[in-house]
Each structure stands twice: as C-alpha cells, then as structure tokens.
Amino acid sequence: MNARSTEVTEQTRVLVVEDDRGIADSLVRGLRQAGYTVEGVRRGRDALAAPTPDVILLDLGLPDIDGVEVCRRLRARSDAAIIAVTARGEEADRVVALDEGADDYLVKPFGLAELLARIRAVLRRRRPVGPQVVRHGPLALDLRTRQVTVGDRTVALTPKEFSILECLTADPGRVVSRQQILERAWDAHWYGPTKVLDVHVAALRRKLGVPGLIETVYGHGFRLGELRPGPQHGAPS
Ligand code: CA
C-alpha cells in the first residue's frame, strides 16, 4: 500500500464490464483488495442497466453489444470515468472509444498495479466541481451518483426518468418545454411521438410520490412545483 491508496474510500465505486470470467474475477478481487467497491457484469446491456459508478472498466469485446457503442451510451448518460480495455492489436477500437468518451484505455494483458494507477489518474482528473446535489423540497438529486432521494427514501429511477428530473431541477419553477426535455433525455433530434414523455413523467410522479412536485403546464411542458422541505414525504404512509 502506498500513500495514494488512502484516496480510496468505500464510496469510490468501480464497475467492471468483462465477459471473460477468469479476467473479471481477478479484476474484481484485486480492486476490492485495493479498497474499491466493485460490481462486475459480463454484458453490455447489464453495464447500461447498472447504477452509475465512479469508474467503469469497459472491455470493448463484449458478447451482446459492441463495446464502443456501450461506451457511447454510457458517456451520454453519466460522468463516470471510463477506461476502455482492448486486446492487443485493436488500436482502431481504442481510438474510437476515446473519441466516444472513454477517458483512458488499457491493453490486455495488464497488471493490477497499472490498472490502479490509471484509476487514480482518471479520478484525480474528475474531482467534482460545483454543487453535486440539487435539492427541491424533500427531493434531492445527486448528479454525480445519479441517486435520488425523497426525504429519507431512496427512489430507483430509470436513466430516462433521472434525465427528465435533472432537466426540471436545473431551473426550478421555470417551465421546461416538452421538446427541451425530449432533446435532453432522448436525443438531439427526436421526431417520434411525444406521448412517450407523458408515460415517463407518470412513472416518475408515481415513484417520487410527492403530489405537486411535477406540475403539468398544458400546451407547454412541465415544471417543478413549489414545495417546502418536510418529513411528511419521507416514506409512503
Ligand atoms: Ca471480451
């Protein structure tokens, strides 16, 4: 253990995306021994469904979704540091991965010491700036971990639901148009039916369980309603 290991805390979470069981097991074990909280998944779709960690170690050769595509989608939804992992000779993939938002890359085989050094480096470059937790009444959004709480209750949201809420909390009280939300939470150019937004907003309201938190402004969009902080929203009664 060198002095830098003291930077590692229980709260630093690493997601290992690796389909080779032997490699995955040894990475997870090594990272845990180094003090990280580690989750391992074997498929791209599991990586996309996992809670956002601080660091993602992403093997680009995955069985279900192309690793570069996984990288692109992860970057679109989170600020986690992404370290792409490739086999020797896949230089083109590494370049594309960096272009698609990876922060660094490693070439297999690599040693644990090098991996730990790379992780420390990406974490140093990503020290949070500015407020990371947005509060509105009983609602708190941690923009870094993408965790949402209402009072004392943690609310599990889908990435879309979180993005919608993030849009609304960016400027509480201001009406955010349906188009603005669709562009931010879906795609820069969403031409599909906007009904899909209502479905997600309905689910979001149900999960948050705070009447009046998300107001519909007919013909325009949505906004956060005025609320006072209070324990009455802490848990469903
Ligand atoms: Ca692989």
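This report walks through the fold, the salt bridges, the calcium site and a few individual residues of a predicted model.

## The chain as a whole

Let's start with the overall picture. The chain carries eight helices and twelve strands. Of its 237 residues, 44% count as buried. The chain exposes about 12700 Å², and carbon and sulfur atoms supply 51% of that area.

One piece to look at is an open sheet of four strands, ordered 6-7-8-9 and paired antiparallel. Strand 6 (133–136) and strand 9 (153–155) stand at the edges; each has a single partner strand, so one side of each is left without a neighbour in the sheet. Going from one strand to the next, the twist averages 25 degrees. Leucine 141, for instance, has valine 148 in strand 8 as its bridge partner.

Helix 6 packs on this sheet, where it touches strand 6, strand 7 and strand 8, and its direction makes about 110 degrees with that of strand 7. Helix 6 is also mostly covered, with nine of its eleven residues buried. Among them are Phe162, Ile164, Leu165 and Leu168, but also Glu161 and Glu166. Helix 8, for its part, lies across strand 7, strand 8 and strand 9, and runs at about 165 degrees to strand 9.

## Salt bridges across the chain

Side chains of opposite charge can pair when their charged atoms come close. Is the glutamate 161 end buried or exposed? Glutamate 161 counts as buried because its relative accessibility is 4%, whereas lysine 207 is partly exposed at 30%.

Arginine 13 and aspartate 54 form another salt bridge, at 3.5 Å from N to O. This pair, too, links distant parts of the chain: arginine 13 is in strand 1 (residues 13–17), while aspartate 54 is in the loop between helix 2 (44–49) and strand 3 (55–59), 41 residues away. Arginine 13 is partly exposed, with a relative accessible area of 21%, and aspartate 54 is buried at 10%.

## A local pair and its network

Glutamate 69 and arginine 73 give us a local case, a salt bridge with N and O 3.0 Å apart. Both residues lie in helix 3 (residues 67–77), four residues apart, or about one turn of the helix. Glutamate 69 is partly exposed at 23% relative accessibility, and arginine 73 is partly exposed at 36%. The pair belongs to a network of salt bridges that links Glu69, Arg72, Arg73 and Glu100.

## The calcium site

Which residues coordinate the calcium ion? They are Asp19 and Asp59, each through OD, and Gly61 through O, at 2.2 to 2.3 Å. Along the sequence, these donors are spaced D-x39-D-x1-G. Aspartate 59 is buried, with 5% relative accessibility, while glycine 61 is partly exposed at 39%.

## Two residues worth a click

Threonine 52 is in the loop between helix 2 and strand 3, and counts as buried at 11% relative accessibility. Leaving aside neighbours within four places in sequence, threonine 52 is in contact with Arg13, Ser78, Ala80, Arg144, Thr145 and Arg146. Arg13 is the arginine that meets aspartate 54 in a salt bridge.

Arginine 118 belongs to helix 5 (residues 112–125) and is partly exposed, with a relative accessible area of 23%. With neighbours within four places set aside again, arginine 118 is in contact with Ile83, Asp104, Tyr105 and Leu106. As for aspartate 103, its C-alpha is 9.8 Å from that of arginine 118, and the two residues are 15 apart in sequence.

Methods. Residues are numbered from 1 along each chain as its sequence is written. This is a predicted model: local features need pLDDT of at least 70, side-chain atom pairs count only at pLDDT 80 or more; totals for chains, interfaces and linings use all residues. Side-chain values use heavy atoms; hydrogens and water are left out. A salt bridge is a side-chain nitrogen of Lys or Arg within 4 Å of a carboxyl oxygen of Asp or Glu. Helices (H or I, at least four residues) and strands (E, at least two) are DSSP runs, numbered from the N terminus. Buried means under 20% relative accessible area, exposed over 50%, partly exposed in between (1.4 Å probe, protein chains only). Donors are N, O and S atoms within 2.8 Å of the metal (3.2 Å for Na, K and Ca); water is not among the atoms, so sites may look incomplete. Contact means heavy atoms within 4.5 Å. Accessible areas come from the Shrake-Rupley method with a 1.4 Å probe; for residues, only the protein chains shown count as cover. Two strands pair if DSSP finds at least two bridges between them. Axes are lines fitted to C-alpha atoms, for helices over the stretch in contact, and angles run from 0 to 180 degrees between N-to-C directions.
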